[in-house]
Amino acid sequence: IAVGDQSGDKEPENKGVQNTIAVASGKGGVGKSTVAVNLAIALAEQDYNVALVDTDIYGPSIPTMMGMQGKKPRVNDQRKIEPLEKHGIKLLSMGFMVDPDKAVIWRGPMVTKAIRQFLGDVHWGEIDYMVLDLPPGTGDIQLTIVQTIPLTGAIIVSTPQNVALDDARKGVAMFDNVDVPVLGIVENMAYFTPPDLPDRKYYLFGEHGAQDLARELEVPFLGEIPIEQSVREGGDEGEPVVLRNPDSLSSQAFRQIAERS
Ligand code: ADP
């Protein structure tokens, strides 16, 4: 990846990465990692070379969601990390580097160093889309990451509820501040349709909140993902819903998001 060296005396390490898309959320638990994983898979289905990078040092969930817990990437003869591969995607997670049972308490400068090393010392090869799962929130750590890595754009994930939307708004502001284009907002957990009542939509977290926010902030709305059991199961069992249940409404939404990104 083209890791931006702020001192300016170092060339980007990896010129083979064409686009880098950060997936961010103001709040935790809104489905940011779920969107990152399924977006990456939907892009790979379109025959792009895709990398998925989990920078969520505090709660890396990509290893579980991709069925790669406990795996360790290899270091090659050039002393570069070889990303792992799963479901046709190159994969790297801070979760592969730290002990999953130990809490990580890092301050900003350590995170910057770790992220640079983590991304700069990797043999990525040719990548059309690198999808970056950011830690939740819009604090110093997130700001450091988005300033360390040259980003093509950012996607903000939110549920339709007010507490999540308030934080999503901060997310858009953060990317605006560092001149990273916001590619759009994704509304996750938009509604629930019981399998035995296929015509019903229950708006458990409120109706269209993220869509309204996108309109208000004049950023694109990328799609709404319903609450579905197979999304959660796919995440827990390492087989993302786009692969596990390709005809589901959520899978269709993820493919639409990939096309619009
Ligand atoms: P975040 O990255 O924002 O913390 P996750 O992607 O880890 O959130 O999602 C939190 C939990 O919610 C996970 O168990 C995930 O499987 C589940 N989840 C996310 N989106 C959906 C959805 N649309 N339907 C059902 N479960 C979902």
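H208 is found in the loop between β9 and α7 (209-217), where helices (H or I, at least four residues) and strands (E, at least two) are DSSP runs numbered from the N terminus. This is a predicted model, in which local features need pLDDT of at least 70 and side-chain atom pairs count only at pLDDT 80 or more, while totals for chains, interfaces and linings use all residues. Residues are numbered from 1 along each chain as its sequence is written.

**Positive phi angles**
- Most residues other than glycine have a negative phi.
- H208, a residue other than glycine, has a positive phi near 60°, and H208 counts as partly exposed because it has 16 C-beta neighbours inside 10 Å; a residue is buried if 20 or more other C-beta atoms lie within 10 Å of its own, exposed if 12 or fewer, and partly exposed in between, with C-beta atoms placed from the backbone.
- M189, which lies in strand β9, also is not a glycine and has a positive phi of about 55°, but M189 counts as buried because it has 26 C-beta neighbours inside 10 Å.

**Overall fold**
- The protein chain has ten helices and ten strands, and its C-alpha trace spans about 55 × 35 × 35 Å along the principal axes.
- The radius of gyration of the protein chain is 18 Å, which agrees with the value near 18 Å for a compact globule of 261 residues; this radius is taken over C-alpha atoms, and the globule rule is 2.2 Å times the number of residues to the power 0.38.
- Buried residues make up 49% of the 261 residues in the protein chain.
- Among contacts in the protein chain with a separation of 6 or more, 76% join residues 24 or more positions apart, a contact being two residues whose C-beta atoms, placed from the backbone, lie within 7 Å.

**Nonpolar core**
- The largest nonpolar core has 78 residues, of which V23, L39, A40, V50, L52, V131 and A154 touch the most other members; such a core is a set of buried Ala, Val, Leu, Ile, Met, Phe, Trp, Tyr and Cys residues joined through C-beta atoms within 7 Å.
- Helix α1 (residues 32-45) gives the most to this core, with nine residues.
- Not counting residues up to four places away in sequence, the contacts of V23 include K32, V35, A36, L39, V131 and I155.

**Surroundings of the ligand**
- The ligand has 19 residues around it, and G31, K32, S33, T34 and G235 come nearest; a residue is near a molecule if its C-beta atom, placed from the backbone, lies within 6 Å of it.
- The elements that give two or more residues to this shell are α1, β9 (182-192), β10 (221-227) and α8 (229-237).
- The shell around the ligand divides into six nonpolar, ten polar and three charged residues, where Ala, Val, Leu, Ile, Met, Phe, Trp, Tyr, Cys and Pro count as nonpolar, Asp, Glu, Lys and Arg as charged, and the others, Gly among them, as polar.

**Helix α10**
- Helix α10 (residues 249-260) has twelve residues and reaches 17 Å from its first C-alpha to its last, close to the 16 Å expected at 1.5 Å a residue, the expected span being 1.5 Å times one less than the number of residues.
- The buried residues of α10 pack against α1, β9, β10, α8 and α9 (241-244), and among those buried residues are F254, R255 and I257.
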